Each structure stands twice: as C-alpha cells, then as structure tokens.
Amino acid sequence: MQIIARCPKCDAGLPVSAADAPAAIKCGGCGRDMPLTFSGALRADRAVDSCPVCEGTDFYVRKDFDPKVGLTVVVVGALTSAGFYWLGRDLIAYSVLGSAALIDLVVYGRLKDLTVCYRCHSEFRGAYERRAPAFDLHTADVLELEYERRIGRR
Ligand SMILES: [Zn+2]
Ligand SMILES: [Zn+2]
C-alpha cells in the first residue's frame, strides 16, 4: 500500500510505503518529525483501518482523479472545436467536443478509488478492499475540527 502522509504542520504530502512501515518520517516541507503508527492491515495491504499519521479510524473513498487532467482534456477539446467551428466545419467541431467529453468520462470511470483520512487528509492507494463510505460533509466538518484542535491549529 502506498500512502501520502499529510504533514500536520505544513500540509505537505509525503509518500510512504506501508510495507516499509517506518516509525517516523521527516517532513520535506518544514523539517518536522512525524511519528507513524502502522497497523497490521496497513502493512499487509488488507484494509485501511487506522491512520498512521493521526491514528483516526474514519475514512472516505473517492475517485483517484486529478481535476487538472480532466480540465485540460476539456479545454483542449473546446479550443480545437472552436477552431473547426470558425472554419465553418460545424460537424467536426461538435464531434471533437463530444469526444473530449467522452474521453473525460472514460478516464474518470476507469480510475480506481483511493481512501482518504477524514482528519488529516492522508491518502491510501493499494490493492486492499475498499470498505470506507463516500464523502460526507458533516462528518468531515466535525472530524477536521476535532483534529485541528488536537494539533493546536485552532
Ligand atoms: Zn511539514
Ligand atoms: Zn489521518
């Protein structure tokens, strides 16, 4: 399992392999030492049961999708389409726009889910079984506030 551990101080994302299970890592952004606690399930890539950064047990699942990539496809598609439209080739313009939207859909649909920690926003990727529910705004509000109080951000 690959983990992006989120630094509580500066929010930098630090890649960690759960199989190595280091007891602590140093943040590349602010130099802070982060102690990590890996559960057996994390090490074995079986499940995400407890967060190595904040020890929270609440997670949600979302698509592993970089919004920037999707936007680029749409923008490039729209520009190409506008070019053809300007040349008076309406049909080509519409089909270019259509395929851009379609590519977006296909890419989005093929992406795997990743698990995210509600409290510290660390991310988990691997072959483990996804058991966490979808994102819930109310849960996020409550848990983020609790976490930020704990690490002294508020
Ligand atoms: Zn940091
Ligand atoms: Zn966490």
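Helices (H or I, at least four residues) and strands (E, at least two) are DSSP runs, numbered from the N terminus. This is a predicted model, where local features need pLDDT of at least 70, side-chain atom pairs count only at pLDDT 80 or more, and totals for chains, interfaces and linings use all residues. Residues are numbered from 1 along each chain as its sequence is written, while chains are lettered from A and ligands numbered from 1 in the order in which they are written.

**Exercise 1.** Work out how many helices and strands the chain has, and whether it is spread out or compact.

*Solution.* Start by counting: there are four helices and seven strands. Now for the spread: the radius of gyration (taken over C-alpha atoms) is 20 Å, well over the 15 Å that the globule rule (2.2 Å times the number of residues to the power 0.38) gives for 154 residues, so the chain is more spread out than a compact globule. Finally, the box: along the principal axes, the C-alpha atoms fill roughly 60 × 35 × 30 Å.

**Exercise 2.** Find where Gly126 lies, then decide if Gly126 is buried or exposed.

*Solution.* First, locate Gly126 in the loop between β7 (123–125) and α4 (137–150). Then apply the cut-offs: buried takes 20 or more other C-beta atoms within 10 Å of the residue's own, exposed 12 or fewer, partly exposed in between, with C-beta atoms placed from the backbone. Gly126 has 21 C-beta neighbours inside 10 Å, so Gly126 counts as buried.
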